[in-house]
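Please open the structure in your viewer and keep the sequence panel beside it. The tour below goes from one stop to the next, saying what to select and what is there.

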Amino acid sequence: MSRQETTTVAAGGGAGHRPTKMKMLYHHAVSNALYLVLAPVAAAVALRASRLTAADLAAAREYLFANLPLAFALLGVAVVLATVYLMRRPRPVYLLDFACFKPGGEHVVTRETFMKQSAKAGVFTDDNLAFQRKILERSGLGQGTYFPAAVLNSPPNPCMAEARREAEQVMFGAIDGVLAKTGVRAKDIGIVIVNCSLFNPTPSLSAMIVNHYKLRGNVASYNLGGMGCSAGLISIDLAKQLLQVHRNSYALVVSMENITLNWYWGNNRSMLVSNCLFRMGGAAILLSNRGGDRRGAKYQLQHTVRTHHGADDRAFRCVYQEEDESSRVGVALSKDLMAVAGEALRTNITTLGPLVLPMSEQILFLASLVARKVFGLDVKPYIPDFKMAFEHFCIHAGGRAVLDTIEKNLELSGQHMEPSRMTLYRWGNTSSSSLWYELAYAEAKGRVRRGHRAWQIAFGSGFKCNSAVWKALRTIDPAADERNPWAEEIHSFPVEVPKVESVAASS
């Protein structure tokens, strides 16, 4: 892609991404149809009210006094119904703030460092070293991603103690950041949820947090393992449900993955891909259901949608942890992964669409579905225009192929994809926390305005596709957040990411 083409995409995409004038006219007509219908009714009511006389009002008052028992009965029913509605209405969930962990310079791994460490390990064949180089050159990762010390050491020393050290560094670094940003005291936190798929020690990661911050004895703590890269949104959904039960509570969600004990030291190519993509990182998110926190919160959670294809064997096994022929443990990625992800995405957006799309898009989608399923017409399935529902898209930075597929399927522009592509380039695949580096990117660019909606969507082993929708409660001032992981370098982004970026040969 040339620099000129990159500039065009970043400015908003090609003509294919812009709705036509006819479609915009249709959208506005449908969106305002209710007002067009109600306007004559409102005018008629206003005209009738303007003709009321004092005698009419006196007659209405006499009728009311003559039927006081009925009036009080109707008032009582209205009060009961209003009370039931208010009690059953879900409590709003506010995102006070979040923090992403930024490792120190000693953890930086360039593409050349990656290949050097792989070669020095002495376990990979020449063919598989060349395979890793090829994957890395096409990965979309830049020169500033991070590895834990155990992997960068010479020789590497993966062990339980190093894995704990990595977990503590990531978790506590992110939590310290979010507590400093919000001013919330650790002892006021009532719910703790940690998700980390591949490292689940005893005591658990959530217990490590309780111990380190000396949280109160009745804290509700949860540790989610083995749920893949979409586990962060599962944690958000779990926190939302718990906040419906626990009044006036703060919920701390920590999303991360652990690299130290999950580096693959074998020669099965389906397991080597994850070595090239996954990097060190994590995020801490602080949620609240306290009404008084709305004024200071950044976002309000609108929807969470979880869809699961685990009943299908092909989907279940497309991301699978197992031993290779040499009894070395790794995570195998199936060749069916992209197809399975596409099916999971379709299921998820079919559920999410009615919750967020304007009526104009729902009508077009329904018409396409009826034409194909009821009348058997050979028409192309209509893909709803989610750009009419969201201003910001945070798509899990799992790899370049995943981002390319979603960009094509949802007809998104380069600017919509920018947070995800730049996160992949700058941080690599940090698993479930990548969504928060992406939202932090949009904030650092000063693009998040009050009323904007952000869509987070991620895929995970099992196979799952999960979504969360946030509404900005205020305009985010990037200058006010010195702890944003992009703060010191946002001026240099976006950057051009070549399709192939050669790795210099090691000396």
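This is a predicted model: local features need pLDDT of at least 70, side-chain atom pairs count only at pLDDT 80 or more; totals for chains, interfaces and linings use all residues.

The phi angle of Ser327 is near 65°, which is a positive value in a residue other than glycine. Ser327 counts as exposed because its relative accessible area is 52%, and the cut-off for that word is over 50%.

For the next stop, select Asn248, which sits in the loop that runs between helix 11 (231–243) and strand 6 (250–256). Here too phi is positive in a residue that is not glycine, with a value near 50° for Asn248. With a relative accessibility of 54%, Asn248 is classed as exposed. As background to these two stops and to those that follow, most residues other than glycine have a negative phi, and most peptide bonds are trans.

Now turn to the peptide bonds, and select Ser154 together with Pro155, which are joined by a cis peptide bond with an omega of about -5°.

For the last stop, select Phe493 and Pro494, where a cis peptide bond with an omega of about 5° links the pair.

Methods:
Residues are numbered from 1 along each chain as its sequence is written. Side-chain values use heavy atoms; hydrogens and water are left out. Helices (H or I, at least four residues) and strands (E, at least two) are DSSP runs, numbered from the N terminus. Buried means under 20% relative accessible area, exposed over 50%, partly exposed in between (1.4 Å probe, protein chains only).
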